[in-house]
Amino acid sequence: MTTDYRDLVTRMRLATHRFRPYMARFVYAMPMHPVLNHPELPTLGVDRHGRCYFNPEFLHQATPEQGAYLLLHLCYHVVLRHCHVMQQLIVSA
């Protein structure tokens, strides 16, 4: 990889401020965890605690602007409590 993933994530985080400055604080606070060669994580995801897990090879294919939207998307999952909604749906089924 030509660019270290930490530099790439930093550029993506900075780009979020241009698109959604009010969400940038969430993106900056989200812990980022690289995951290599895991068949169940080809791209990126977030857990209910707001930790982001990502495949560095996938992120290297995205521009900083595309990555910013991906990170914002993950933050919205946490902010909108999608994992809690899913738990309620599973329990009530």
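Among contacts in the protein chain between residues at least 6 apart in sequence, what percentage join residues at least 24 apart? The share is 52%, where contact means that heavy atoms lie within 4.5 Å. The structure is a predicted model, in which local features need pLDDT of at least 70 and side-chain atom pairs count only at pLDDT 80 or more, while totals for chains, interfaces and linings use all residues. Residues are numbered from 1 along each chain as its sequence is written, and side-chain values use heavy atoms, with hydrogens and water left out.

The protein chain contains five helices and three strands. Helices (H or I, at least four residues) and strands (E, at least two) are DSSP runs, numbered from the N terminus. Along the sequence these elements follow the pattern α-α-β-β-β-α-α-α. Of the 93 residues, 31% count as buried; buried means under 20% relative accessible area, exposed means over 50%, and partly exposed lies in between (1.4 Å probe, protein chains only). The accessible surface of the protein chain is about 6,300 Å², and 58% of this belongs to carbon and sulfur atoms. Accessible areas come from the Shrake-Rupley method with a 1.4 Å probe, and for residues only the protein chains shown count as cover.

The three strands form an open sheet with mixed pairing, in the order β1-β3-β2. Each of β1 (32-34) and β2 (44-46) has a single partner strand and stands at an edge, so one side of each is left without a neighbour in the sheet. On average, neighbouring strands of this sheet are turned by 20 degrees against each other, direction ignored. Two strands pair if DSSP finds at least two bridges between them. β2 and β3 (residues 52-54) are paired in the antiparallel sense over three bridges, and Leu 44 stands opposite Phe 54 in β3. Helix α4 (residues 64-79) lies across β1, β2 and β3 and runs at about 25 degrees to β2. Axes are lines fitted to C-alpha atoms, for helices over the stretch in contact, and angles run from 0 to 180 degrees between N-to-C directions.

Helix α2 (residues 24-29) holds Phe 26, and Val 27 lies in helix α2 as well. Val 27 counts as buried, at 0% relative accessibility. Leaving aside neighbours within four places in sequence, Val 27 is in contact with Arg 13, Thr 16, Leu 71, Leu 72 and Cys 75. Val 27 and Cys 52 are 25 residues apart in sequence, and their C-alpha atoms are 9.6 Å apart in space. Phe 26, by contrast, is partly exposed, with a relative accessible area of 45%. Together with Val 79 and Leu 80, Phe 26 makes a nonpolar surface patch of about 270 Å². Patches are made of residues with over 30% relative accessible area and no salt bridge; like charges are joined within 9 Å, and nonpolar side chains (Val, Leu, Ile, Met, Phe, Trp, Tyr) within 5 Å.

Two asparagines in loops were also examined. Asn 37 is found in the loop between β1 and β2 and is exposed, with a relative accessible area of 71%. Although Asn 37 is not a glycine, its phi is positive, at about 55 degrees. Asn 55 is found in the loop between β3 and α3 (56-59), and at 11% relative accessibility Asn 55 counts as buried. Beyond its neighbours within four places in sequence, Asn 55 is in contact with Val 35, Leu 41, Pro 42 and Thr 43.

Side chains of opposite charge can pair when their charged atoms come close. The structure holds three salt bridges, a salt bridge being a side-chain nitrogen of Lys or Arg within 4 Å of a carboxyl oxygen of Asp or Glu. One of them joins Glu 65 and Arg 18, with the closest N and O atoms 3.0 Å apart. This pair links distant parts of the chain, since Glu 65 is in helix α4 and Arg 18 is in helix α1 (residues 5-19), 47 residues apart. Glu 65 is partly exposed at 34% relative accessibility, whereas Arg 18 is exposed at 56%. The side chains of Asp 4 and Arg 6 also meet in a salt bridge (3.0 Å, N to O). Asp 4 is partly exposed, with a relative accessible area of 31%, and Arg 6 is partly exposed at 49% relative accessibility. Asp 47 and Arg 51 form a salt bridge through their side chains (2.7 Å, N to O). Here Asp 47 is buried, with a relative accessible area of 19%, and Arg 51 is partly exposed at 30% relative accessibility.
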